[in-house]
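Morning, everyone. Please have a look at the sequence and the structure before I go on.

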Amino acid sequence: MERIIVLCLVSNCLSAVHAQTFLFSPKWGPIGYKEREEYDGTAMDEIIKTNEFQASRIIDGTTSLRDGDIAVSSGRRSKVCFARSCLWSKSVDGHVYVAYRLSPEYSEIETKLIKKGMESIEKGTCVRFVPRTHQRDYIDIQPKSGCWSYLGTRGGRQTVSLQSPDCLRVGVISHEFMHALGFVHEQSRSDRDNYVTIMWPNIWRDRLRNFEKFKTDSLDLPYDYGSIMHFGMYAYSQDGQPTIIPKNSHNSKDIKLGQASTLSHIDQMKINKLYKCGAMDEY
């Protein structure tokens, strides 16, 4: 009898180990990214990794995450905004000043990283992040659960969540600020099927909505495979196989999807076009 009990305990332990391996395996776990030495991750890979494991898809009773990291509220301010009315206002001096409040919970080093993310947005554009004094509209940067932002300006205080330490990478920070400026993910563009193939069978079923297209304004700019806003090739993969493949058949293997740390040149051009900044060499 004792021998049977011992065998059962061993069996249960092995099952638990197997389950843990299953949940956290790069091949099977719902981690949304591919862990392998030859694959250079993107900002979105880090966001997915953090949000899938540590952040709920429902932030609170009225707010949920769409496309992995875009906060959407139900009720009065529920619309996902693509209209120019959701843009931050432009000053008479030609700059777009985005006021922010930074949580005192961040350390000095973390604060410097967040400011580097701001500088990445400011470089070559007319956007400037300024500490809030009296401004009505501002972003409230908090180390909440996960990496996420609302889309565009909502009016009043709006949260940008940069969980510590997982979201405190310059590329991730820049990515979330791009959402706050009004930009969706690059592969959400209405014309994306001309440039990439979405491998639907390879995507986790409950994450298929993260690959929806939107009726977006491409601003007459080319599709940007290397955008800080592009999903990585293995985003939300359920079997370790690619979920997005470039359509350029001649050199698709040479095309890297997404960006790990900095805005692409076209990302900067997007900001300048959307906010009518003028020539990039002015900044």
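I will cover confidence, and then two residues.

This is a predicted model, in which local features need pLDDT of at least 70 and side-chain atom pairs count only at pLDDT 80 or more, while totals for chains, interfaces and linings use all residues. Numbering starts from 1 along each chain as its sequence is written, and side-chain values use heavy atoms, with hydrogens and water left out.

Confidence, then. pLDDT is the predictor's confidence in each residue, from 0 to 100. The chain has a mean pLDDT of 84, with 77% of its residues at 70 or more. Over residues 1–31, pLDDT stays under 50, and it stays under 50 over residues 33–37 as well. Where pLDDT is low, the predicted coordinates should not be read in detail.

Next, Tyr-138. It sits in strand 5, residues 138–142; strands are DSSP runs of E, at least two residues, and helices are runs of H or I, at least four, numbered from the N terminus. Is Tyr-138 buried or exposed? Tyr-138 is buried, because its relative accessible area is 10%, and buried means under 20%, exposed over 50%, partly exposed in between, with a 1.4 Å probe and protein chains only. Contact means heavy atoms within 4.5 Å. Beyond four places in sequence, the contacts of Tyr-138 include Trp-88, Tyr-100 and Gly-156. Gly-156 is 18 residues away along the chain, and its C-alpha atom is 6.2 Å from that of Tyr-138.

Last, Ser-174, in helix 4, residues 170–181. Ser-174 counts as buried, because its relative accessibility is 0%. Outside four places in sequence, Ser-174 is in contact with Gly-117, Ser-120, Ile-121 and Leu-263. A polar atom of the Ser-174 side chain lies 3.3 Å from the backbone oxygen of Gly-117.

Definitions and conventions
A polar contact is a pair of N or O atoms within 3.5 Å; within protein, one must be able to donate a hydrogen and the other to accept it, and residues adjacent in sequence count only if both atoms are side-chain atoms.
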